[in-house]
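Here is a short tour for anyone meeting this structure for the first time. Have the view open and follow along.

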Amino acid sequence: MNAHLQPTGSAYFLTQETQQTERHTLSVLVDNEPGILARVVGLFSARGYNIESLTVSETEHDKRLSRITVVVVATPKVLVQIKTQLERLVPVHKVHDLTAEGAYLERELALIKVKGSGEHRAETLRLADAFRAHIVDATVESFVFEVTGKPEKVDSFIALMAPLGLVEVVRTGLAAIGRGPEGM
Amino acid sequence: MAEKMTGAEMVIQALTDQGVEHIFGYPGGAALPIYDAMFQQDFVKHILVRHEQGATHMAEGYARSTGKPGVVLVTSGPGATNAVTGLTDALMDSIPLVCITAQVPTTLIGTDGFQECDTVGITRSCTKHNYLVKNVADLPRVLHEAFHIATTGRPGPVVIDIPKDVQFAVGDYYKPETETLRHQSYRPKMDGDLAAIEAAVDLMLKAERPIFYTGGGVINAGPEASENLRELAELTGFPVTSTLMGLGAYPASEPQWMGMLGMHGTYEANMAMHDCDVMINIGARFDDRITGRIDAFSPNSRKIHVDIDPSSINKIIRVDVPIVGDCNRVLEEMIRIWRSRTNQPRTEAIAPWWKQIEKWRAVGSLNFKNSDTIIKPQWAIQRLYEATKAQSKDVYITTEVGQHQMWAAQHFHFDKPNHWMTSGGLGTMGYGLPAAVGVQVAHPDALVIDIAGEASVQMTMQELSTAVQYRLPIKVFILNNERMGMVRQWQDLLHGSRYAHSYSESLPDFVKLAEAYGAKGIKCDTPADLDAAIAEMIDYDGPVLFDVLVEKDENCLPMIPSGKPHNEIILPDTADIGDIIDEKGRALV
């Protein structure tokens, strides 16, 4: 645009974000009703929040409650907004920022398909054993492994499988829970 | 207890049990069973609109002027999509609406049926909550829950989407019971934290340059909240300013009133916000039209923020004392605690502050150069205000969006809450005319005036037909400058006066248009005739379109340009700046 056509102002303030982002794991207790996932995901996209991982499943069948574990990357100010905006949704019971509230456990499950023969096959099995990955399917030329652990462990196992004939991976996303006797 | 009836009958029965006397709607194929049930009773009165957007704005005007929820009934597909603007408007301005949308039968959902749309999907992000009722057994609970959610906490719009087969299905209807309404996860916090309120009062007791910054939350908290705000202002002696949405909560006739703040607020209100040492925000949300540049917003103040919505706290501005709760209850507590600490206003301690405010006030930031050959829009509003003051009737004002809206906020003065209806958050052109219809339905004997612009009013002009049909004597006061004035002003100030598409060509003859609708048309283009023409408008017993031809290129001032702090406000060239603004500030004038 020609310099003389540059606007001297704007109807809105165009300021850059200066805060550093952090990675937090949130646990969200919700009514298991139709559309609840769309409400949560829609809130994230509408307000421009980033989701790294999202896991949802019914956890208390008789109370029709589901638990959503969501990993977000945001500035501290936006993290507070994400929590309060989620709590504003009518079917949301509770939101806990596990990262902010103390010690917690994170686990992820992955199914990993590896194809190969000969020496590769033996090496694949040795590594799978070291990572305590279970063989859940096997053919003469392939394995499907089930591996559970922290996301970093799953990442390393997948990285090791890559040169050994990795075909495809499926991951559940993160499930997280606070340590100690207290419930949510 | 339970009574057998069809889903459609449940809708009407629930409206009756909720005390809903008026609904705004438009029929269509999927909504016919509900319309049939409505035909067979006469408690719930239906106002037939001309476009569903009109229905939603009417319901907003109705709700805002009564404190009761506004109710809308529309059909599936286009009926629902046309309602989206009004729903979004109600969400942004926290207006309680219940919008019932009909849906194609459950068996057709997802098949791209005739007049099918994903109503709950589309309205999810523009409602406080929404429901698709697939089973008639859920309908009574959902209907009552919708009213509960729309009207409590931070109010907002709720959509209930009811497929046609559910309207025909027979089930058990239950009356609303408070027991069953105890929602499992929805529990708005009403009472503010006592320790926080005490900390707030302690700050206020030490303040030397305090200011009350109040918003629409005070109006939403009911008339008692406005009463309590007045009492607290009197007890403390602090100055009061308000957002666009909060006008009327504190009387404009009080000496402690400083006028509206924000982008087009008064010089004194904005300067006081910038220089204060304690800011008491009651029911406002630090909107970007209020704060100006965030990092220069009121840099030296301790901030107290009362809001019923926890997500409003620290969203834009970091505050020192957050209080989550209903404005009325928090104000009551503040008054009680203030009284327990002292029985004196802080008159002496804040006398220098008032002296400073008086200096700012003397600038006369709302002044304008009047003319005796052409009608100035500000003057037209002043004359309208003077004429309505003499009325014995209650006067309600609605507006469209743009320059005329800001001039109305600046030059029309409100002493009571719920008498000012405007689209603040969403800024919806076309809001005012239908909103006026809704207000007039709720207050048949009142004088209801839509202060409009010629561009905005054409967006929902067809609702004049609704006003004529129901003999609703609304007055549409059009400040006609043949421009989209606010757009033109921004282009003037920020885009080198390149007026891209901001003028109105081929304008209708509003007098003939009014007559074509069966209303009265009046036109005025000379200052000398204005008072008589306003009197003619007010005295006419029926809807009026009043076309006031005003100065075409007037800018709305004062104005805080975007990206600037409050103390860099642009003043009109009639302002008596004296030695108050330094050289830098003067350059901006």
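Which two side chains of chain A meet in a salt bridge at 3.3 Å, N to O? They are those of A:E60 and A:K63. One thing to keep in mind as we go: this is a predicted model.

**Salt bridges**

Let's stay with that pair for a moment. A:E60 is partly exposed, with a relative accessible area of 28%, while A:K63 counts as exposed at 55%. Here the cut-off matters: A:K63 is called exposed because its value is over 50%.

Searching the whole structure turns up 35 salt bridges over all chains. Another one in chain A links A:E123 with A:R126, and their closest N and O atoms are 3.0 Å apart. Both residues sit in helix α4 (residues 119–130) of chain A, three residues apart, which is about one turn of the helix. A:E123 is partly exposed, with a relative accessible area of 29%.

Over in chain B, the side chains of B:R293 and B:D295 meet in a salt bridge too, at 2.8 Å from N to O. B:R293 is partly exposed at 33% relative accessible area, whereas B:D295 is exposed at 61%. Chain B also has a network: salt bridges with shared partners join B:R483, B:R488, B:D492 and B:D553.

| Salt bridge | N to O distance |
|---|---|
| A:E60 and A:K63 | 3.3 Å |
| A:E123 and A:R126 | 3.0 Å |
| B:R293 and B:D295 | 2.8 Å |

**Two stretches named in UniProt**

For chain B, an unreviewed UniProt entry lists residues 5–121 as "domain: Thiamine pyrophosphate enzyme N-terminal TPP-binding". In the model, that stretch is 44% helix and 19% strand, and its end C-alpha atoms are 29 Å apart.

UniProt, again in an unreviewed entry, places "domain: Thiamine pyrophosphate enzyme TPP-binding" at residues 401–548 of chain B. Over those residues the chain is 39% helix and 17% strand, and the end C-alpha atoms are 17 Å apart.

**A sheet in chain B**

Now look for an open sheet of six strands in chain B, in the order β16-β15-β17-β18-β20-β19, with parallel pairing. Which strands form its edges? They are β16 (420–421) and β19 (520–524) of chain B, each of which pairs on one side only. As for what holds such an arrangement together, strands of a sheet pair through backbone hydrogen bonds, either parallel or antiparallel.

Zoom in on β18 (residues 475–480) of chain B: this strand pairs with β20(B) in the parallel sense over six bridges. Within that pairing, B:I478 stands opposite B:D547 in β20(B). Lying across β18, β19 and β20 of chain B is helix α21 (residues 510–517), which runs at about 170° to β19(B).

The loop between β20 (544–549) and α23 (583–588) of chain B holds B:D573. B:H566 lies in the loop between β20 and α23 as well. Are these residues buried or exposed? B:D573 is exposed, with a relative accessible area of 61%, but B:H566 counts as buried at 1%.

What does B:H566 touch? Leaving aside neighbours within four places in sequence, its contacts include B:N270, B:M271, B:H274, B:F297 and B:I560. B:I290 is also one of them, and its backbone oxygen lies 2.6 Å from a polar atom of the B:H566 side chain. As for B:D573, its C-alpha atom is separated by 30 Å from that of B:A351, 222 residues apart along the chain.

**A buried lysine**

Last stop: B:K128, in the loop between α6 (119–123) and β6 (129–132) of chain B. B:K128 counts as buried because its relative accessibility, 17%, is under 20%. Where does the side chain of B:K128 reach? It comes to 2.8 Å from the backbone oxygen of B:I149. The backbone oxygen of B:T152 also lies 2.8 Å from a polar atom of the B:K128 side chain.

Beyond its neighbours within four places in sequence, B:K128 is in contact with residues including B:L91, B:G153, B:R154 and B:Y186, and with A:V90 of chain A. By contrast, B:K128 and B:E227 are 99 residues apart in sequence and 28 Å apart in space, C-alpha to C-alpha.

How values were computed:
Residues are numbered from 1 along each chain as its sequence is written. Chains are lettered from A and ligands numbered from 1 in the order in which they are written. This is a predicted model: local features need pLDDT of at least 70, side-chain atom pairs count only at pLDDT 80 or more; totals for chains, interfaces and linings use all residues. Side-chain values use heavy atoms; hydrogens and water are left out. Helices (H or I, at least four residues) and strands (E, at least two) are DSSP runs, numbered from the N terminus. Buried means under 20% relative accessible area, exposed over 50%, partly exposed in between (1.4 Å probe, protein chains only). UniProt positions are given in the numbering used here, feature names are shortened, and annotations may be inferred rather than shown by experiment. Contact means heavy atoms within 4.5 Å. A polar contact is a pair of N or O atoms within 3.5 Å; within protein, one must be able to donate a hydrogen and the other to accept it, and residues adjacent in sequence count only if both atoms are side-chain atoms. Two strands pair if DSSP finds at least two bridges between them. Axes are lines fitted to C-alpha atoms, for helices over the stretch in contact, and angles run from 0 to 180 degrees between N-to-C directions. A salt bridge is a side-chain nitrogen of Lys or Arg within 4 Å of a carboxyl oxygen of Asp or Glu.
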